[in-house]
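This report describes one protein structure, shown here. It starts from a single loop residue and then turns to the helices.

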Amino acid sequence: MTDKHPAPPAAADPIDLAIGSRLRLRRLAMGFSQETLARALGITFQQIQKYECGANRITASRLYELAKAMNVSVQYFFDGIPAADAPDAANDAERMEGDILSQKETLELVRAYYRLGERPRKRLLELAKALEGDTSSTGVA
């Protein structure tokens, strides 16, 4: 049982690939192995691998179960995918967000954040917002 991320099949749908990528991103952010997540859902880790690489489509009911197990809304898996009525809606900010979320430092920060209790998390978030205001007023990025 490894945490390999197989190459997507040639015929994988772009939406299935995007949802699988978000699944993998959230799983890693939570520190779950494929096996841990699979056990929580009563499926095999190979099925999680197939979902993540877009080889198998995720049914609506399974997507709901995944969202519940990973403490996110179902919409989380669709974030960054252009709306059906606006196929060119993906902008630079959305692309940048995807890049930031896949960085190792971001994953480490998210894991550390969720290991904190509720009160320290709120205080850390308030501090981050206050620091953001400080850096934007001084022009420092």
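## A loop residue with positive phi

Asn 71 counts as exposed, at 63% relative accessibility. Exposed means over 50% relative accessible area, buried under 20%, and partly exposed in between (1.4 Å probe, protein chains only). Asn 71 lies in the loop between H4 and helix H5 (92–101). Its phi is positive, near 55 degrees, in a residue other than glycine. Most residues other than glycine have a negative phi.

Gln 75 lies in the loop between H4 and H5. Gln 75 is partly exposed, with a relative accessible area of 48%. Its C-alpha atom is separated by 9.8 Å from that of Tyr 64, 11 residues apart along the chain.

## Model and overall fold

This is a predicted model, in which local features need pLDDT of at least 70, side-chain atom pairs count only at pLDDT 80 or more, and totals for chains, interfaces and linings use all residues. Residues are numbered from 1 along each chain as its sequence is written, and side-chain values use heavy atoms, with hydrogens and water left out.

The protein has 7 helices and 0 strands. Helices (H or I, at least four residues) and strands (E, at least two) are DSSP runs, numbered from the N terminus. Along the sequence the pattern reads α-α-α-α-α-α-α. Of the 141 residues, 25% count as buried. Contact means heavy atoms within 4.5 Å. Among contacts between residues at least 6 apart in sequence, 61% join residues at least 24 apart.

## Helix H1

Helix H1 covers residues 14–29. The expected span of a helix is 1.5 Å times one less than its number of residues. For the 16 residues of H1 that gives 22 Å, and the end C-alpha atoms are 22 Å apart, which agrees.

At the start of H1, a side-chain oxygen of Asp 13 reaches to within 2.7 Å of the backbone nitrogen of Ile 15. A polar contact is a pair of N or O atoms within 3.5 Å; within protein, one must be able to donate a hydrogen and the other to accept it, and residues adjacent in sequence count only if both atoms are side-chain atoms. Gly 31 follows H1, with a positive phi near 75 degrees. The buried residues of H1 include Ile 19, Leu 23, Leu 25 and Leu 28. Charged residues are also among them: Asp 16, Arg 22, Arg 26 and Arg 27.

## Helix H3 and its cover

Helix H3 (residues 45–53) is mostly covered, with 7 of its 9 residues buried. These are Phe 45, Gln 47, Ile 48, Gln 49, Tyr 51, Glu 52 and Cys 53. The cover includes H1, helix H2 (34–41) and helix H4 (60–69). Just after H3, Gly 54 takes a positive phi of about 80 degrees.

Arg 62 sits in helix H4. Arg 62 is buried, with a relative accessible area of 19%. Leaving out residues up to four places away in sequence, Arg 62 touches Leu 41, Ile 43 and Tyr 51.

## Helix packing

Two packed helices are described by the angle between their axes and the distance between the axes. Axes are lines fitted to C-alpha atoms, for helices over the stretch in contact, and angles run from 0 to 180 degrees between N-to-C directions. Angles under 35 degrees count as roughly parallel, over 145 as roughly antiparallel, 65 to 115 as roughly perpendicular and the rest as oblique.

H1 and H3 pack at about 125 degrees, with axes 6 Å apart. The two are therefore oblique to each other. By class, their contact has 5 nonpolar, 2 polar and 4 charged residues. Ala, Val, Leu, Ile, Met, Phe, Trp, Tyr, Cys and Pro count as nonpolar, Asp, Glu, Lys and Arg as charged, and the others, Gly among them, as polar.

H2 and H3 pack at about 105 degrees, with axes 8 Å apart. That makes H2 roughly perpendicular to H3. H2 contributes Gln 34, Glu 35, Leu 37, Ala 38 and Leu 41, and H3 contributes Phe 45, Ile 48, Gln 49 and Glu 52. These residues divide into 5 nonpolar, 2 polar and 2 charged.
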